[in-house]
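Subject: Structure handover

Hello,

Here is the structure we talked about. Please open it alongside this note.

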Amino acid sequence: MSFLFGRKKTPEELLKQNQRALNRAIRDLDRERTKLEQQEKKVIADIKKMAKQGEMAAVKVMAKDLVRTRNYVKKFIMMKANIQAVSLKVTTLKSQGAMANAMKGVTKAMGAMNKQMNMPEMQKIMMEFEKQVISVILDSFFHYFNYTFREPLVFKALLVTNMVADESQ
């Protein structure tokens with residue numbers, strides 16, 4: 001039955017479609033607001049013209065129309081701000097969905113890596129590495145101290161031998 005009504009849209013497609021509708025609504029509001037602002041300028045010019053002619057009744061009606069037009073402009077600005085806020089929320093949802101998909105992929109990759117790793121073998125390798133590192137460190141430590149303590153003894157032995165040889169002559 002789904003072939004009669006078309007395929008079901010994914011959440012990403014729905015978000016994209018709604019985002020387009022919101023952007024279209026914003027453009028329409030901007031167009032209408034621009035038209036109202038142009039009409040406001042014409043009304044202001046007409047009010048000035050009628051005031052110069054002294055037709056105050058017409059000026060009052062036009063002034064009321066001007067106030068109404070300005071209120072509509074303010075309402076359009078508020079509607080645009082509200083639609084932009086909704087658009088921002090839709091964008092946030094879209095980015096959160098992308099983040100969730102990325103996290104899903106990372107989780108799968110980490111699971112595959114865990115399956116490939118042999119933990120007992122890794123522990124055995126790490127223990128062997130630690131033994132070798134400790135052995136190298138201890139060898140260099142003993143070599144250093146053996147050389148450090150042996151040198152002064154050899155030097156002192158030579159001095160004593162030279163002194164004894166000098167005394168015997």
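A residue counts as buried under 20% relative accessible area, as exposed over 50%, and as partly exposed in between. K80 has a relative accessible area of 21%, so K80 is partly exposed. Please keep in mind that this is a predicted model.

**Overall layout**

The protein has four helices and zero strands. From the N terminus the order is α-α-α-α. There are 169 residues, and 12% of them count as buried. The accessible surface comes to about 14700 Å². Carbon and sulfur atoms hold 65% of that surface. Now take the contacts with a separation of 6 or more: 71% of them are between residues 24 or more positions apart.

**Salt bridges**

How many salt bridges does the count come to? The count is eight. Three of them are described here, with some background first. Side chains of opposite charge can pair when their charged atoms come close.

Start with D30 and K80. Their side chains meet in a salt bridge, at 3.2 Å from N to O. D30 sits in helix α2 and K80 in helix α3, which spans residues 56-116, so this pair ties together parts that are 50 residues apart in sequence.

Next, R7 and E13. Their side chains also form a salt bridge, at 2.7 Å from N to O. The two partners fall into separate classes of accessibility. R7 is at 61% relative accessibility, so R7 counts as exposed. E13 is at 29%, so E13 counts as partly exposed.

Then R68 and D65. In this salt bridge the closest N and O atoms are 3.7 Å apart. Both residues lie in helix α3; they are three residues apart, so about one helical turn separates them. R68 is partly exposed because its relative accessible area is 42%. D65 is partly exposed too, at 24%.

There is also a network. Salt bridges that share partners join D30, R33, E37 and K80 into one network. That brings back the D30 and K80 pair from above.

**Positive patch**

Which residues form the positive surface patch? They are K16, R20, R24, R27 and K94. Helix α2, residues 11-53, supplies the largest share of the patch, with four residues. R27 is placed in helix α2. Its relative accessible area is 43%, so R27 is partly exposed.

Is Q19 buried or exposed? Q19 lies in helix α2. Its relative accessible area is 18%, and the cut-off for buried is under 20%, so Q19 is buried. Set aside its neighbours within four places in sequence, and Q19 is in contact with S87, V90 and T91.

A21 is in helix α2 as well. At a relative accessible area of 35%, A21 is partly exposed. S87 comes up again here. The C-alpha atoms of A21 and S87 are separated by 9.6 Å. Along the chain the two are 66 residues apart.

**Where to look**

For a quick view, begin with D30 and K80, which link helix α2 and helix α3. Then turn to Q19 and its contacts S87, V90 and T91. Finish on the patch of K16, R20, R24, R27 and K94.

Best wishes

Terms used: Residues are numbered from 1 along each chain as its sequence is written. This is a predicted model: local features need pLDDT of at least 70, side-chain atom pairs count only at pLDDT 80 or more; totals for chains, interfaces and linings use all residues. Side-chain values use heavy atoms; hydrogens and water are left out. Helices (H or I, at least four residues) and strands (E, at least two) are DSSP runs, numbered from the N terminus. Buried means under 20% relative accessible area, exposed over 50%, partly exposed in between (1.4 Å probe, protein chains only). Contact means heavy atoms within 4.5 Å. Accessible areas come from the Shrake-Rupley method with a 1.4 Å probe; for residues, only the protein chains shown count as cover. Patches are made of residues with over 30% relative accessible area and no salt bridge: like charges are joined within 9 Å, nonpolar side chains (Val, Leu, Ile, Met, Phe, Trp, Tyr) within 5 Å. A salt bridge is a side-chain nitrogen of Lys or Arg within 4 Å of a carboxyl oxygen of Asp or Glu. Lys and Arg count as positive and Asp and Glu as negative; His and the chain ends are not counted. The place of a charge is taken as NZ of Lys, CZ of Arg, CG of Asp or CD of Glu.
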